[in-house]
Amino acid sequence: MGLGARIVERQGRVPHIAWRWDPETDILTGGIKRSSAKGTPGLNGSVELEGSDGSFVLLDVAAGKIRGVEVVVWPDVRTVPALAPPEEAKSGDVELPGRRSQPAVVAVEVDATLAIDTNADESVFHVRVGPQRAVTPVRVADGLLVEVDEHEELAGLWLAEVPPFPGVDDGAL
């Protein structure tokens with residue numbers, strides 16, 4: 001069983017996601033500044049996608065919609081020279097349905113197979129959740145696409161326009 005994900009129509013323009021690296025931990029974090037109005041229904045908190053290899057990706061969720069991503073523990077990353085996000089993505093939001101029986105839940109863990117590909121300069125990352133399958137890509141922000149499969153489950157993420165990992169300053173050694 002995967003993580004339910006529903007495509008919803010966007011109100012307004014596509015926001016931007018700001019990516020940043022933590023050079024001490026190798027954590028990549030991206031956040032969308034737009035927030036939801038207080039009292040808007042839906043899951044508020046985090047969804048942890050945990051791989052069997054110890055990898056995990058954290059999704060920040062506000063009013064049920066994905067508003068941030070953190071790649072905390074990386075699985076093996078494969079380099080694909082010509083990797084690029086799909087151009088035919090439609091603009092929208094992806095809503096992670098909350099559980100009616102537990103509306104106060106603020107953190108959810110989901111066991112999943114995670115795989116990550118990157119391009120040669122590591123400015124694009126494709127995170128696959130589960131097996132490869134047919135998906136609909138949705139642009140939830142400039143620099144973040146979410147893939148939803150035909151069963152309305154989260155199938156992947158495209159992290160684009162990622163800045164270079166900060167190098168170690170030679171003078172600091």
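**Close-up views of a predicted model**

View 1. Phenylalanine 125 is buried, at 3% relative accessibility (buried means under 20% relative accessible area, exposed over 50%, partly exposed in between; 1.4 Å probe, protein chains only). This is a predicted model, in which local features need pLDDT of at least 70 and side-chain atom pairs pLDDT 80 or more, while totals for chains, interfaces and linings use all residues. Residues are numbered from 1 along each chain as its sequence is written, and side-chain values use heavy atoms, without hydrogens and water. Trp21, Trp74, Phe125 and Phe165 make up one aromatic cluster (rings of Phe, Tyr and Trp, the last by its six-membered ring, pair if their centres lie within 6.5 Å; planes under 30 degrees apart count as stacked, over 60 as edge-to-face and the rest as tilted).

**View 2. The aromatic pairs of tryptophan 21.** The whole structure holds four aromatic pairs. Tryptophan 21 and tryptophan 74 are stacked, because their ring centres are 5.8 Å apart and their planes at 20 degrees. Tryptophan 21 is buried at 13% relative accessible area, whereas tryptophan 74 is partly exposed at 22%. The rings of tryptophan 21 and phenylalanine 125 form an edge-to-face pair, with centres 6.3 Å apart and planes at 70 degrees.

**View 3. Surroundings of histidine 126.** Histidine 126 is buried, with 9% relative accessibility. Its side chain makes a polar contact of 3.0 Å with the side chain of glutamate 147 (a pair of N or O atoms within 3.5 Å; within protein, one must be able to donate a hydrogen and the other to accept it, and residues adjacent in sequence count only if both atoms are side-chain atoms).
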